[in-house]
Amino acid sequence: MIRWMLLVFIVLVLINSTTDILRKMGLGRLPGDFSFRLLGREVFIPFASAVLVTVLLFSTIKLVAWLF
């Protein structure tokens with residue numbers, strides 16, 4: 001259980017540190033990505049970007065597996 005909590009914490013820290021880079025690439029501005037302020041903090045929920053990245057990663061993995 002502690003390992004999963006540590007993994008989730010590390011993933012959240014990585015996502016938080018890369019949001020500025022992802023926004024510069026245009027991934028935070030797709031229709032379906034939500035960004036709003038809540039209690040003085042900016043909350044970013046990238047639904048459409050997550051779907052796009054998942055499809056691209058899955059396609060890449062499938063292509064590499066097909067080549068081998």
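Predicted model: local features only at pLDDT ≥ 70, side-chain atom pairs only at ≥ 80, totals over all residues.

Tutor: Helix H2 covers residues 47-67, 21 residues, and reaches 30 Å from first C-alpha to last, close to the 30 Å expected at 1.5 Å a residue. The expected span is 1.5 Å times one less than the number of residues. Helices (H or I, at least four residues) and strands (E, at least two) are DSSP runs, numbered from the N terminus.

Student: How many residues of H2 are buried?

Tutor: Two of its 21, so H2 is hardly covered. Buried means under 20% relative accessible area, exposed over 50%, partly exposed in between (1.4 Å probe, protein chains only).

Student: New topic: how many aromatic pairs are there?

Tutor: A search of the whole structure finds one. Phe34 and Phe47 sit edge-to-face, 5.7 Å centre to centre with 80° between the planes. Phe34 is in strand E1 and Phe47 in helix H2, 13 residues apart. Rings of Phe, Tyr and Trp (its six-membered ring) pair if their centres lie within 6.5 Å; planes under 30 degrees apart are stacked, over 60 edge-to-face, the rest tilted.

Student: And how many bridges join E1 to E2?

Tutor: Six, between antiparallel strands E1 (residues 33-38) and E2 (residues 41-46). Strands pair if DSSP finds at least two bridges between them. Phe36 has Val43 as its bridge partner in E2.

How values were computed: Residues numbered from 1 in each chain as written. Heavy atoms only, no water.
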